[in-house]
Amino acid sequence: MTTSAPAFAIRYVGGPTSVVEIGGLRLVTDPTFDAPGEYPIGSRALVKTAGPAVTAEEIGAVDAVLLSHDQHPDNLDTAGRAWLSDTPLVLTTAAARERLGDVVTALPNWAHVDLDRPGGGTLRVTGVPALHGPEGSEPVVGEVTGFVLTGEDLPTVYVSGDNASLDRVREVAGRFPEIDVALLFAGAARTPLVPDAALTLTSAEAAEAARILGARHVVPLHFEHWGHFTQDGPSLTAAFTRAGLDGRLHLLKPGATATF
C-alpha cells in the first residue's frame, strides 16, 4: 500500500457484519440485523446474545454486499435477507445463488468483478477459497467463500468469511502476496454439526493467518454475539501477543470505526 493510498475504513456492526469503505465505495459483510434470541436451523438452534450496534437504516445505501454464505442464520439472518433486495450487488457462493435466486450473483473461486469507483478507476472483488470446518466437512456445513479487494492505489483487503482452514489462507497468500488489511472471522465456533473441530479460526489460527498473509492490519469479525463461539476478544489479544503480532490487531468495539 503506497503512502498516497486513500483511507480504508471499517465500522464494526456486530457478529460478521461490518461496513467497509474503500475507493469511494461502501460494502457490507454478511448482513445480520436481527435481535438477540434463538434462531432455528434444522433440528437445533443458534443463540444470538447481542443485537447489532448499527441498524440497517443507519447504514443506509451501499454499493455491494460480500456474503460468505446464506445457509446459517448467524451469517445471513431474517432482517439481513430482506435487506438484500435493496442492495444493487450481492456477491456470494453458487449454492446461495441457487437458493436465493436473482437477488445475488455467484462469484466462483478466483473469479472477479470490477466495481466502478466514483472518482474513476475500479475496485476488483475476487472470490477466494474458504472451508467452514475441517477437511471433508463441506457436505455437512455447506459452501462458503472469502473475498479479496484490490485496486490501483488501494490497500489489498482479505475478507476470510467463515473459513477454518490455514491451507486456504496459504492459497490466498500465494495469489495475493501483499495483504494490507485482513478481516478474519474467528471465535473458534463449535456446534453439534462437527463436534470435534472448530468451524471458524481459533485465536491462535487467526494469529497464524495474519503471519501467513503478512497482513499489516487485522480486524477480527464474527467472534462474539453468538453462543456457539468458544473464544473471544481477550483470547485473540492473548494469541496475537504470544505470536508477537499484537501491533497488527485492531479489536473494535461494536459501532466503532477504524481507519488505516
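Predicted model: local features only at pLDDT ≥ 70, side-chain atom pairs only at ≥ 80, totals over all residues.

Visitor: How many aromatic pairs does the model hold?

Guide: Rings of Phe, Tyr and Trp (its six-membered ring) pair if their centres lie within 6.5 Å; planes under 30 degrees apart count as stacked, over 60 as edge-to-face and the rest as tilted. By this rule the count is 4.

Visitor: Are the rings of F8 and F260 stacked or edge-to-face?

Guide: F8 lies in the segment before β1 (9–14) and F260 in the segment after β15 (257–259), 252 residues apart. Both are buried. Their ring centres are 6.1 Å apart and their planes meet at 10°, so the pair is stacked.

Visitor: And are the rings of F33 and W83 stacked or edge-to-face?

Guide: Helices (H or I, at least four residues) and strands (E, at least two) are DSSP runs, numbered from the N terminus. F33 sits in the loop between β3 (25–29) and β4 (37–41) and W83 in helix α2 (residues 78–83), so the pair ties together parts 50 residues apart in sequence. The ring centres are 5.5 Å apart and the planes lie at 75°, so the pair is edge-to-face.

Visitor: Which residue of β6 stands opposite T29?

Guide: β3 is largely enclosed by the rest of the structure, because 4 of its 5 residues are buried. Strand β2 (residues 17–22) runs antiparallel to β3, with 5 bridges. Strand β6 (residues 64–66) is parallel to β3, over 3 bridges. In that pairing T29 faces L66.

Visitor: Which residue in the turn between β2 and β3 has a positive phi?

Guide: E21 stands opposite R26 in β3. The two strands form a hairpin with 2 residues between them, and the positive phi, about 60°, belongs to G23.

Visitor: Which residue takes a positive phi in the hairpin of β4 and β5?

Guide: β4 pairs with strand β5 (residues 44–48) in the antiparallel sense, over 5 bridges. Y39 stands opposite L46 in β5. This hairpin also has 2 residues between its strands, and the positive phi, near 65°, is that of G42.

Visitor: Which side chains make polar contacts with the side chain of D162?

Guide: D162 is in the loop between β12 and α5, and its relative accessible area is 2%, so it is buried. A polar contact is a pair of N or O atoms within 3.5 Å; within protein, one must be able to donate a hydrogen and the other to accept it, and residues adjacent in sequence count only if both atoms are side-chain atoms. At 3.4 Å the partner is N75; at 3.2 Å it is H132.

Visitor: Which backbone nitrogen lies 2.9 Å from a polar atom of the side chain of S160?

Guide: S160 is in the loop between β12 (157–159) and α5 (166–175). Its relative accessible area is 0%, so it is buried. The nitrogen in question belongs to F185.

Visitor: Which residues touch the most other members of the largest nonpolar core?

Guide: A nonpolar core is a set of buried Ala, Val, Leu, Ile, Met, Phe, Trp, Tyr and Cys residues joined through side-chain atoms within 4.5 Å. Among the 54 residues of the largest one, the two are Y158 and L213.

Methods:
Residues numbered from 1 in each chain as written. Heavy atoms only, no water. Buried < 20%, exposed > 50% of the residue type's maximum accessible area, 1.4 Å probe, protein only. Pairing = 2+ DSSP bridges.
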